[in-house]
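Please read these notes beside the model. They go point by point.

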Amino acid sequence: MADAVYPVPADWAENALITAPVYEERYRMSIEQPDAFWREEAARIDWIRPFTRVSEASFHEADFGIKWFADGTLNLAANCLDRHLEERGDQVAILWEADSPDAASRAITYGELHEMVCRFANLLKAQGVRKGERVTLYLPMVPEAAVAMLACARIGAIHSVVFAGFSPEALAGRIQDCDSRIVVTADEGLRGGKKVPLKANVDAALGHNCEAVDTVIVLKHTGADVPMTQGRDIDWAMGVAAQSADCPAEEMGAEDPLFILYTSGSTGKPKGVLHTTGGYAVWAAMTFQYVFDYRPGQIYWCAADVGWVTGHSYVVYAPLMTGATTVMFEGVPTWPDASRFWQIVDKFGVEIFYGAPTALRALMREGDEWVTRTSRKSLRLLGSVGEPINPEAWEWYHRVVGEGRCPIVDTWWQTETGACMMTPLPGAHALKPGSAAKPMFGVRPLLLDNEGQVIEGAGEGCLVIDRSWPGQMRTVWGDHERFFQTYFTTFKGLYFTGDGCKRDEDGYYWITGRIDDVINVSGHRMGTAEVESALVAHPKVAEAAVVGMPHAVKGQGIYAFVTTNVEVEPDEQLRRDLVQWVRREIGPIATPDIIQFTPALPKTRSGKIMRRILRKIGENDLSNLGDISTLADPQVVEHLVAGRPQLA
Ligand code: WTA
């Protein structure tokens, strides 16, 4: 099965926007004549003032910097809305499905969305929000999340969306880091029939050194009775009712910031990844059109949350720039039952479905029946994103969900890259289950060995990208030096992805997963250091080390080794307390799967924790612990192996 190859179906090979010969020709042009290539592709955006310069980028320390289309101006919200009004003002822009199948869905046209965005933009302006100011959004998966993002883009404010599953502590950290004085939230969110107390979380977050916040806009979603703070909290509906539906779009420079999105790295606290306007717009819109072979009028559904980059690029910005109908779903794949996704596909006639392997694995476990009892005849293309998809899940997706007729685009990319970097294009590339196939236009992937030597032909190594692309992040908010250090110093002059990768004889790329201390839990990216610092913040914990472990549904689970303070006797109660503690510090997505108490961690004589050994124990690969002779106390390893609990 690992060697399976699915050729491009005949109708795709003939009719796709990008067929095999077109891919070869365009890819070559994108590498050999990048300026000419990007001038053509940038024409898909409405520029206010056309750019004359294309790319000015260097990954080298002496002249480090990244700029695209720098002297051009545009407004991204106008590209998502105003430009469509004449031709498709009455076409549905957002199709929204509620958490509960019994609740009414919503269909919002481009005309209506335009008006909602203008009113909300005016409300922000009435609160004194200015160009360049940061606005924190902490919202459920409702159309208003897109409205708030677009309203920021319209007036040139920088949005920072914080995933609604994050705890008050995590939210507070993100509000402080970008000096945001305004937060937009809802009374509650709903997921799988459970309420998420968003407003209460905001109130709690604002108690944590967020004195700068003077305004909270609250959307009534469930209608729960939430306390409102006089003089600070504004009801969304009342606020916008007083505003005009006319709001001119601010003229933004291509390199003006569009958004900050916090993401986890190997060290320290999450980084504020900053994306700017012009390059991001071109990159997101271009990849959307080619990867999904998008044609006007098609119903498209990306099942990601707006709290992650996939939601930014492929739920909101790219589909709307392209004039698509984009589906937003508030709920979860397995509630009320495991047919939910496919019922929505049938209800809306979804043609293109883009989801995460973790959801597919969870559904696969429930059996084919939940899928096969639905029709899915509208589906023509499937996508996968966020983590490696194992061949078994891929085959199931292809055979059961897509009935063998829908190509699967397995798209590899990162928060930092803005949009898809490597993927098969459905009309151009035969599919190999588990492979992200080929680079997107303009992307030059290289594989390096541990000495930093380029691996030619087939092989496996560290994945780096050798030149800039338009949607690349521009900096870490407030810490440009950290940006340079994190991504461009491991291998000088190259962008280091943090991923390992294989290239086969056909030049297909296979992502093997992170090679740094980042783990991918249910498609949610997490730094082991973040979980460790949450654990050591507990008064009874002395030390903690966290590694990833294989997990059948989540892809990776969280395995924590914990040393308690000497006077503490670790027990079941403490284990439960620590799980709750981490959930409170970060959020439920960081729930440890295993906590192993240990009297000591394996350390070198210089006191460095040997994470390599802990990873092996996490993977239950005990025969292969490697050289442990440099440990200060090799006996520690025996204790760890003997004490390894099994996953329930
Ligand atoms: C992983 C999500 C294998 C990878 C868009 C990357 C993938 C990290 C794939 C970024 C894929 C994403 N195959 N691995 N198709 N897509 N990854 O920033 O390890 O949340 O570095 O962006 O997810 O996660 P992020």
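1. Basis. This is a predicted model, in which local features need pLDDT of at least 70, side-chain atom pairs count only at pLDDT 80 or more, and totals for chains, interfaces and linings use all residues. Residues are numbered from 1 along each chain as its sequence is written, and side-chain values use heavy atoms, with hydrogens and water left out.

2. Seven strands make an open sheet in the order 5-4-17-16-18-19-20, and the pairing is mixed. Its edges are strand 5 (106-109) and strand 20, each of which pairs on one side only. From one strand to the next the twist averages 20 degrees. Strands here are DSSP runs of E with at least two residues, helices are runs of H or I with at least four residues, and both are numbered from the N terminus. Two strands pair if DSSP finds at least two bridges between them.

3. Strand 19 (residues 381-385) runs parallel to strand 20, joined by four bridges. Val 385 stands opposite Thr 411 in strand 20. Thr 411 returns in point 5, as one of the residues closest to the ligand.

4. Strand 21 and strand 22 (residues 459-465) share four bridges; Pro 445 has Ile 465 in strand 22 as its bridge partner. Strand 24 (residues 495-503) pairs with strand 25 over five bridges, with Gly 500 opposite Gly 513. These two strands form a hairpin with five residues between them. In that turn, Gly 507 has a positive phi of about 75 degrees.

5. Ligand shell. Helix 12 (309-321), strand 20 (408-411) and strand 25 each supply at least two shell residues. By type, the shell has six nonpolar, six polar and five charged residues. Ala, Val, Leu, Ile, Met, Phe, Trp, Tyr, Cys and Pro count as nonpolar, Asp, Glu, Lys and Arg as charged, and the others, Gly among them, as polar.

6. Polar contacts are pairs of N or O atoms within 3.5 Å. A ligand nitrogen is 2.7 Å from a polar backbone atom of Thr 411. A ligand nitrogen is also 3.4 Å from a polar backbone atom of Glu 387. A ligand oxygen lies 2.6 Å from an N or O atom in the side chain of Thr 415. Alone, the ligand exposes 530 Å², and the protein buries 96% of that. Areas come from the Shrake-Rupley method with a 1.4 Å probe.

7. Helix packing. Helix 2 (residues 20-32) and helix 3 (residues 34-41) have axes that come within 5 Å and cross at roughly 120 degrees. Axes are lines fitted to C-alpha atoms, for helices over the stretch in contact, and angles run from 0 to 180 degrees between N-to-C directions. Arg 26, Met 29, Ser 30, Ile 31 and Glu 32 in helix 2 meet Pro 34, Ala 36, Phe 37, Glu 40 and Glu 41 in helix 3. That contact (heavy atoms within 4.5 Å) comprises five nonpolar, one polar and four charged residues.

Key
Near = heavy atom within 4 Å. Polar contact = N/O pair within 3.5 Å; in protein donor to acceptor, adjacent residues only side chain to side chain.
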